[in-house]
Amino acid sequence: METRGAFNHVVLLLLAATSLLAPAASKDRCHSGDKAALLAVKAALGNPYHFASWTPDDPCCNWYDVDCDASTGRVVGLSVFQDANLTGTIPDAVAGLVHLQSLVWHHLPALSGPIPPAIAKLSNLSQLTISWTAVSGPVPSFLGTLTKLTLLDLSFNSLTGAVPESLAALPSLSGINLSRNRLTGAIPPLLLSRSPDQAYLWLSHNNMSGAIPAGFAAVNFAHLDLSRNAFAGDASGLFGRGKELQYLDLSRNAFSFNLSGVGLPEQLYFMDVSHNAISGGIPAQVANLTNLQFFNVSYNRLCGAVPTGGHMGRFDLFSFQHNKCLCGTPLANPCN
């Protein structure tokens, strides 16, 4: 829930910024090509009640779910969300919205089928969200042609297959959410390596495997969630005192590395590495992390004393239980 909330906050900020592009001055404008494309989208979905405001007699910039640019009147945003009665597949007609910057299909449980190749024609797209739907098939490699893409959210769907390596070539991409799908395979080695700013990656609740890419040590992650997969190997490169990482969830994988000498990012507020095969001891530095609100190293192979002092009183038995030989408060076994 923490992860989804953080990501949704980013999405809502972007949606709010997009909505500012359509002040009253542009409401009476509507490009004929944009109107035709939107009406074709409506028709392809069976003219559902959701698009009742989409009538030929009104300017398309007045329509529900539509955002227009203030100066040109061109449609730059289409956000269709929260309608359990909207059925069908994502229409190819969206390709006619050539100035589109933000495309959102969210919380539409009856929307199905694959992600259409028509989306590859939206060369100005910076945000693509298809989430909480029944969309299936692969994460298409053609998404790698959307060179202006900064945010990709395909979470809570029924997508299968591997994460395409083509996503690693995108120069502006800094946020990827592919959590809660049925994805397999390894993380592409250079994923988010070109991120121009802080990077956000969510891959939780899939069936992915393999090791953490060596290049991840150089990515400026702010949020990273790889939980509930089958990843293995050394994840120590994700840590480091000087890093800007705030949220890290590696839980329920098969990671195995020595935690003793790991430096913890100073801004960390959430760290869950439970249910792995991590050895060594807990770094004493953890007690000095002023922002840390959640900390869980349970179900590993850790030994030694649980650090004391500082902010350690925030964390109870459940943060440390089921390790090889951890000792001290709040565990029942004292250190000798």
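Me: Leaving aside neighbours within four places in sequence, which residues is P109 in contact with?

Reply: Contact means heavy atoms within 4.5 Å. P109 touches D83, A84, W132, T133 and A134 in this way. This is a predicted model: local features need pLDDT of at least 70, side-chain atom pairs count only at pLDDT 80 or more, and totals for chains, interfaces and linings use all residues. Residues are numbered from 1 along each chain as its sequence is written, and side-chain values use heavy atoms, with hydrogens and water left out.

Me: Where is P109 placed?

Reply: Helices (H or I, at least four residues) and strands (E, at least two) are DSSP runs, numbered from the N terminus. P109 sits in the loop between β4 (102-108) and β5 (111-112). P109 and D83 are 26 residues apart in sequence, yet 7.7 Å apart in space, C-alpha to C-alpha.

Me: Why does P109 count as partly exposed?

Reply: Buried means under 20% relative accessible area, exposed over 50%, partly exposed in between (1.4 Å probe, protein chains only). P109 has a relative accessible area of 45%, so it is partly exposed.

Me: How many disulfides does the count come to?

Reply: A disulfide is a pair of cysteine sulfur atoms within 2.5 Å. The count comes to four. One of them joins C30 to C60, S to S 2.2 Å. That pair links distant parts of the chain, 30 residues apart. C60 is buried, at 0%, while C30 is partly exposed, at 27%.

Me: Why is the disulfide of C61 and C68 left-handed?

Reply: The torsion about its S-S bond is about -95 degrees, so the C61 and C68 disulfide is left-handed. C61 and C68 are both buried.
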